Amino acid sequence: MENTQAVPAKKIMLSGIQPSGDLHLGNYLGAVKNWTELTDEFDCYYFMADLHSITVRQNPAELRRRTVNQLAQYIACGIDPEKNTLFIQSHVHEHAELGWILNCYTMFGELSRMTQFKDKSAKNAENINGGLFTYPSLMAADILLYQADFIPVGEDQKQHCELTRDIAVRFNNIYGETFKVPEPYISKVGARIMSLGNPTSKMSKSDPNGCVFLMDKPDDIARKFKRAVTDSDTENCVHYDVSNKPGVSNLMSIYSSVTGKTFDEIEKEFDGQGYGVFKPAVGDAVIEMLRPIREESERILADKAYLKDVYTQGAQKASAMARRTLRKVYKRVGFVEKPF
Ligand code: TYM
């Protein structure tokens with residue numbers, strides 16, 4: 001007998017990463033690791049945010065290489081292309097189109113308040129371009145096109161997610177219900193991994209010594225952890241205290257995120273052993289977590305035809321969804337329907 005009961009639609013998850021650098025431990029623990037845990041429960045869309053990348057000058061050949069590498073790494077991290085939609089942002093032209101429209105519903109003052117804009121313009125004083133400024137409207141378009149329910153990101157993207165909500169509510173208030181208002185999905189541990197060289201600033205690709213890349217070799221990872229800056233207190237004890245012990249607290253967050261142990265359990269495990277034992281132990285845990293990801297990435301990367309197939313199918317599936325939302329938006333704002 002045919003089952004006529006409607007299956008409730010799964011909620012939608014969506015997120016992206018800029019291929020402006022190689023994936024690092026912050027991207028993994030803050031974002032990708034969560035994505036892998038949500039595959040079965042949600043309808044998931046994950047993409048390489050290449051349109052965003054060019055807000056900072058990129059070498060074209062490197063950008064192309066990193067975009068495809070990033071896809072291989074997503075898959076190697078456990079994001080199964082059979083269950084998730086994986087695509088390259090520039091392959092779905094609706095992102096740029098909705099991005100333009102949402103620019104017209106985003107206020108200059110709102111964009112001026114974005115801390116990432118302030119940070120990035122301080123770092124790229126010679127190239128503070130319009131794209132860098134309006135990038136949150138494009139990010140809002142990325143999210144709203146898919147009617148996403150949740151956005152799994154690290155802490156630093158929270159402000160952009162909140163602006164996305166404001167833009168969606170504003171648009172809905174003017175034109176009637178058009179966009180789902182999404183919520184950020186931020187994990188308790190690992191949402192803000194700090195630099196190993198300077199634990200008061202965020203781990204980022206622009207600081208290669210304080211940053212562990214997913215493709216780093218075990219020796220390099222071990223060296224980076226051994227050299228990790230710990231705190232200048234005389235206690236030499238493994239204890240979680242972000243204000244007074246930012247270095248050790250960061251290492252504890254990494255260890256907790258990798259092993260699933262609580263801070264209490266970690267403090268007990270290293271009781272009386274000091275930083276000299278703790279730092280290499282964190283390094284070893286990270287090495288063992290990343291080893292299969294690196295090996296699997298290398299294997300997948302060798303099969304360029306497979307990767308092309310994944311991003312082609314991903315873009316087709318994503319486009320179908322994006323097209324539907326964009327058509328609705330065009331109608332709402334008053335554009336004449338395209339006759340072909
Ligand atoms: P991006 O490319 O800077 O970072 C990608 C993801 O990694 C997280 N992350 C971190 N998490 C913890 N600790 C860190 N040190 C760390 N560094 C980075 C980020 O929070 C993010 O989740 N604008 C976004 C990309 C984007 C996007 C989107 C995300 C474009 N469109 C739509 C979600 C939905 C960005 O630049 O992230």
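1. In this predicted model, Lys-180 and Asp-149 form a salt bridge whose closest N and O atoms are 2.9 Å apart. Lys-180 sits in the loop between α8 (158-175) and β5 (183-185), and Asp-149 in the loop between α7 and β4, so the pair ties together parts that are 31 residues apart in sequence. The two partners are placed as follows: Lys-180 is partly exposed, with a relative accessible area of 35%, whereas Asp-149 counts as buried at 10% relative accessibility.

2. The loop between α7 (130-144) and β4 (150-152) also holds Gln-147, which has a positive phi of about 55° although it is not a glycine. Gln-147 has a relative accessibility of 16% and counts as buried, because the cut-off for that class is under 20%.

3. A search of the whole structure finds 13 salt bridges, and one between Asp-216 and Lys-224 brings the closest N and O atoms to 2.7 Å. Here Asp-216 is buried at 13% relative accessibility, and Lys-224 is buried at 9%.

4. The side chains of Arg-65 and Glu-62 meet in a salt bridge at 3.2 Å, N to O, and both residues belong to helix α3 (residues 60-76), where they are three residues apart, about one turn of the helix. Arg-65 is partly exposed at 35% relative accessibility, as is Glu-62 with a relative accessible area of 29%. These two residues are part of a network of salt bridges that also links Asp-22 and Arg-66.

5. His-24, in the loop between β1 (12-17) and α1 (25-36), counts as buried at 7% relative accessibility. Leaving aside residues up to four places away in sequence, His-24 touches Met-203, Ser-204, Lys-205, Cys-211, Val-212, Phe-213 and Leu-214.

6. The largest pocket holds about 1200 Å³ of space, and of the 49 residues that line this pocket, Gln-116, Asp-156, Gln-157, Lys-202 and Lys-205 are the closest to its centre. Elements that each supply at least two lining residues include β1, α1, α2 (50-53), α6 (115-123), α7 and β4. By residue class, the lining of the largest pocket divides into 17 nonpolar, 21 polar and 11 charged.

7. The second largest pocket has a volume of about 450 Å³ and is lined by 13 residues, with Leu-326, Arg-327, Tyr-330, Glu-337 and Lys-338 nearest its centre. Two or more lining residues come from each of α4 (94-103) and α13 (304-333), and α13 gives the largest share, five residues. The lining of the second largest pocket comprises five nonpolar residues, one polar and seven charged.

Methods. Residues numbered from 1 in each chain as written. Predicted model: local features only at pLDDT ≥ 70, side-chain atom pairs only at ≥ 80, totals over all residues. Heavy atoms only, no water. Helix = DSSP H or I, 4+ residues; strand = E, 2+ residues; numbered from the N terminus. Buried < 20%, exposed > 50% of the residue type's maximum accessible area, 1.4 Å probe, protein only. Contact = heavy atoms within 4.5 Å. 1 Å grid on protein atoms, 1.4 Å probe; cavity = no way out; pocket = protein on both sides within 12 Å on 5 of 7 lines; lining within 4 Å. Points joined across faces, edges and corners; volume = space filled by probe spheres on them. Nonpolar A, V, L, I, M, F, W, Y, C, P; charged D, E, K, R; others polar. Salt bridge = Lys/Arg side-chain N within 4 Å of Asp/Glu carboxyl O.
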